[in-house]
Structure formats: structure tokens, C-alpha cells
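Thanks for coming, everyone. Please take a moment to look at the sequence and the model on the screen, and then I will walk you through a few places in it.

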Amino acid sequence: MLTTTNTGLLAASIRQLLDFAWMQTRSCAFAIALLSGVAASALLPGLPVARYDLLVVYGVLLTLVFWLRGWENGRDIAVIAVCHVIGLAFELVKVALGSWSYPEPAVLKFAGVPLYGGFLYAAVGSYVCRAWHLFDLELVRYRPRATAVVAAAIYVNFFSHHWLPDLRWPLAGLLLAVTAGTTVRYTVRGVRRRMPLALSFVLIGFFLWVAENLATYLGAWRYPYQLDGWQPVGVDKFGAWSLLISVTVVLVAVTRAKASRSPAR
């Protein structure tokens with residue numbers, strides 16, 4: 001039987017959970033807007049320009065709106081731009097190797113990769129930047145150099161495993177090692193909480209995998225097994241995203257460290 005105290009604790013926990021979910025949704029604003037644009041473009045008949053080209057313009061406008069509204073500052077935009085470039089480089093190699101494809105025609109397309117493809121990675125950068133602001137994130141016992149080296153190796157391995165042995169599992173073990181004891185402190189409803197950094201990678205990776213299923217369903221891109229009809233994205237991509245998110249977190253952490261060292265004006 002629930003007592004008044006227990007009922008109050010349960011209600012407070014539910015409010016905390018709902019606020020956490022709402023703040024996460026706000027952090028995903030760019031990604032939600034981008035996927036909404038992808039969905040809308042798939043439904044619009046007789047577009048005067050190629051859908052992929054239209055999405056490039058839409059992505060640029062979204063970035064400008066977020067900057068002008070103050071939802072993202074100059075440092076955030078710089079991180080998002082780097083994520084865009086890194087993402088395009090990733091796409092160029094993967095598409096050339098046949099890992100996935102963008103089957104629709106477009107003018108703003110190079111080596112089979114439309115320029116809008118980089119915005120899919122920019123959306124991940126936007127999420128991490130906004131979450132850092134909204135949750136007042138702080139990394140405790142963070143090892144910046146070791147984590148950056150492992151994250152860079154993870155990124156390179158996603159290219160090199162096509163020619164060299166796949167080191168995904170050893171690198172996952174190294175990532176766990178360098179982030180052992182590292183926690184993320186965050187605030188919800190004025191309460192300071194913490195979570196292991198490695199766990200945050202897994203949770204974000206899961207939701208990115210869910211988003212990837214939605215994106216491929218909307219025709220954002222296609223895996224070879226989806227060309228004749230949509231099929232769910234393999235669970236192995238969940239693990240891939242859990243590793244790749246470390247690259248974005250390292251980039252954002254670098255900008256936050258520089259910001260904290262900047263002299264006040």
C-alpha cells in the first residue's frame with residue numbers, strides 16, 4: 001500500500017522523467033525538423049527541383065534559423081559544420097564501396113552522394129551541442145587525449161575495415177577502458193544527476209539506430225537490401241552508432257574546454 005510519502009516520491013520521479021524526455025526532445029529539434037523535411041519532401045508531388053537538392057536548401061535554412069534564434073551559438077555552428085564535413089567524407093567512401101546508396105537524381109550530388117547527406121551527421125552534432133546547453137552537461141574524470149585517440153581510431157576503422165581486419169570490438173573495449181570512471185553530470189528540474197559516459201554512448205546509439213530506421217523508411221538513403229522494399233536496419237548498426245557518437249562528443253568537449261579557458265569580456 002502506497003503511503004503519502006511514497007506517492008509524493010513517485011509523482012516527483014514521474015515529473016523528472018517527463019522533464020528529461022521533454023529536454024531530450026528539445027535537444028533533438030534540428031534532427032526532428034530535418035526528418036520532418038525528408039518526410040514532407042517524399043509526400044510532395046511534382047517537385048520543380050530534385051528532392052535531394054531541395055533538402056540541401058532546407059538544411060541550410062534550418063541551420064540559419066537555429067543560429068539567428070540563438071538556439072545554437074557560433075561554437076555550436078562550427079561543430080555542426082565539422083560534423084557535416086566528416087559525415088560527407090564518410091558518405092563518399094561508404095557509397096563508393098556500395099555500403100548504401102542515394103538512388104534518386106540530384107544536381108548537388110558528387111560521386112553518388114548528395115550534399116544534403118552531411119546534414120544527417122550535422123543533426124547529431126546539433127543534438128550533442130543542444131543537450132550540453134539544456135542539461136548543463138559536465139564531464140567528470142574525463143580523459144580528453146586518450147578518448148580523442150580512440151574516437152579517431154574508431155572513425156578510421158569504419159573505412160579501413162574494408163581492406164584491413166575489422167577492429168570494432170577491440171576498439172569498443174578500448175573505449176570502455178578510457179571512459180572507465182568518466183561520468184556525465186546533468187541537471188533536470190534543478191536536480192544534479194550523473195551517468196557513466198559509456199552508458200550515454202549506448203543510449204544515444206540506440207536512438208540513432210531508431211532514427212536511422214525511420215530515415216531509411218522515408219527514403220533518406222537506402223541499404224542494398226532495402227532497394228526492392230524497405231526492411232529494418234540491422235541491429236549491428238546500433239553498435240556502430242554507439243561507437244561513432246564518441247567522435248561527436250569529443251568534438252563538442254574540445255569546444256567546451258576552449259570556451260571555459262577563454263577570458264571573460
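Predicted model: local features only at pLDDT ≥ 70, side-chain atom pairs only at ≥ 80, totals over all residues.

Arginine 189 is partly exposed, with a relative accessible area of 49%, where buried means under 20% relative accessible area, exposed means over 50%, and partly exposed means in between, using a 1.4 Å probe and protein chains only. This arginine 189 is found in the loop between strand 4 and strand 5, and its phi is near 55 degrees, a positive value in a residue other than glycine. Most residues other than glycine have a negative phi.

Residues are numbered from 1 along each chain as its sequence is written, and side-chain values use heavy atoms, with hydrogens and water left out.

Aspartate 136 also has a positive phi, of about 50 degrees, although it is not a glycine. Aspartate 136 is found in the loop between helix 5 (117–134) and strand 3, and it is partly exposed, with a relative accessible area of 45%. The helices (H or I, at least four residues) and strands (E, at least two) that I mention are DSSP runs, numbered from the N terminus.

Let me turn to the sheet. In what order do the three strands of the open sheet lie? The order is 3-4-5, with antiparallel pairing, and two strands pair if DSSP finds at least two bridges between them. The edge strands are strand 3 (138–140) and strand 5 (191–196), each of which pairs on one side only. Neighbouring strands of this sheet are turned by 30 degrees against each other on average, direction ignored. Strand 4 (residues 183–188) is joined to strand 5 by six bridges, and valine 184 stands opposite methionine 195 in strand 5.

Helix 8 (residues 197–217) lies across strand 3, strand 4 and strand 5, and runs at about 85 degrees to strand 5; axes here are lines fitted to C-alpha atoms, for helices over the stretch in contact, and angles run from 0 to 180 degrees between N-to-C directions.

Now to serine 242, which lies in helix 9 (residues 236–261). Is serine 242 buried or exposed? Serine 242 is buried, with a relative accessible area of 10%. Leaving aside its neighbours within four places in sequence, serine 242 is in contact (heavy atoms within 4.5 Å) with Phe201, Val202, Gly205 and Phe206. A polar atom of the side chain of serine 242 lies 3.0 Å from the backbone oxygen of phenylalanine 238.

Phenylalanine 159, in helix 6 (residues 144–160), is buried as well, with a relative accessible area of 15%. Leaving aside its neighbours within four places in sequence, phenylalanine 159 is in contact with Ala89, Phe90 and Val93.

Finally, helix 7 (residues 168–178) has the buried residues Leu171, Ala172, Leu175 and Val178. They cover an arc of only 130 degrees around the axis, so they sit on the same side of helix 7, the arc being that of the directions from the helix axis to the C-beta atoms. The face of helix 7 turned away from its buried side carries the exposed residues Trp169 and Leu176.

Note on methods
Polar contact = N/O pair within 3.5 Å; in protein donor to acceptor, adjacent residues only side chain to side chain.
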